[in-house]
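Please look over the sequence and the structure below before reading on. The report then goes through selected parts in turn.

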Amino acid sequence: MSHLMHNHIVRILTVIIDRAIKIIDADSIRNGTVKIAYKCDYVVCSKVFAEEYTQMKIDASNIDTVIKAYDELSKIFKNVIITLEKYGSFSKIDGNYKLVPSIKVQSKDSTGAGDIYHASFTYSVINKFDLEKAMYFSNIAAALSIQKIGVKNSLPELEAVERIYNATI
């Protein structure tokens, strides 16, 4: 490949990346996670990441602790969402703090629930859900996933998530 062709490809890829929606699954602080998070449009982080990064203990049943951590994260990152397991997920929507609740289910195995939340969130953003609806849709998908044992079997059918979402919205 010629030098000119290479430069042209790099310019095209740079434009594509700049226009892409960038979402990070920040589950814990690792090499590069924070560097990448600075460049993302959405930082969807676990309670563990939020606690590690802010050095604050979060008690999901005490909203003030969640707000304090959120405020610290949002000083640095764009569109922060903190996942809070059975409590749901938290963000600021239209200037108001919002805990979007999860649905109540019987948990058998939570392995992979965070990954399913992030995949569902990405699906929701691509399909132009507003932030609150994206969080609720993702909460439902993650909740459904913990009703089965093993990651391989835990991915819920889209229709099941949509059925519950449409019945409760």
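## The chain as a whole

The structure is a predicted model. Its chain has 169 residues, and 40% of them count as buried. The secondary structure comes to 8 helices and 5 strands. In sequence order, these elements follow the pattern α-β-α-β-α-α-β-β-β-α-α-α-α.

Contacts can also be sorted by how far apart the two residues are in the sequence. Taking contacts between residues at least 6 apart in sequence, 51% join residues that are at least 24 apart.

## Helices α3 and α4

Two packed helices are described by the angle between their axes and by the distance between those axes. Helix α3 covers residues 47-54 and helix α4 covers residues 63-74. Their axes are 10 Å apart, and the packing angle is about 70°. Angles of 65 to 115 degrees count as roughly perpendicular, and α3 and α4 are therefore roughly perpendicular to each other. Their crossing is left-handed.

Which residues make the contact? On the α3 side they are Phe49, Ala50, Tyr53 and Thr54, and on the α4 side they are Ala69, Glu72 and Leu73. Sorted by class, this contact has 5 nonpolar residues, 1 polar residue and 1 charged residue.

## The buried side of α3

Phe49, Ala50, Glu51 and Thr54 are the buried residues of α3. Phe49, Ala50 and Thr54 also take part in the contact with α4.

What do the buried residues of α3 pack against? Their partners are the strands β1 (23-26), β2 and β3, together with the helices α2 (33-37) and α4.

Strand β3 pairs with β2 and with β4. Strand β2 (residues 42-46) runs parallel to β3 and is joined to it by 4 bridges. In this pairing, Val44 stands opposite Ile81 of β3. Strand β4 (residues 89-93) pairs with β3 in the antiparallel sense, over 2 bridges. Here Thr83 stands opposite Ser89 of β4. Strands β3 and β4 form a hairpin with 5 residues between them, and Glu85 in the turn has a positive phi of about 50°.

Gln55 follows α3 and lies in the loop between α3 and α4. Its phi is near 60°, which is a positive value in a residue other than glycine. Is Gln55 buried or exposed? A residue counts as exposed when its relative accessible area is over 50%. Gln55 is at 68% relative accessibility, so it counts as exposed.

Asp94 is found in the loop between β4 and β5 (96-100). The phi of Asp94 is near 55°, again a positive value in a residue other than glycine. Asp94 has a relative accessibility of 75%, and therefore counts as exposed.

Terms used
Residues numbered from 1 in each chain as written. Predicted model: local features only at pLDDT ≥ 70, side-chain atom pairs only at ≥ 80, totals over all residues. Heavy atoms only, no water. Axes fitted to C-alpha atoms, helices over the stretch in contact; angles between N-to-C directions. Parallel < 35°, antiparallel > 145°, perpendicular 65-115°, else oblique. Left-handed = near helix turned anticlockwise from the far one by under 90°. Contact = heavy atoms within 4.5 Å. Nonpolar A, V, L, I, M, F, W, Y, C, P; charged D, E, K, R; others polar. Pairing = 2+ DSSP bridges. Buried < 20%, exposed > 50% of the residue type's maximum accessible area, 1.4 Å probe, protein only.
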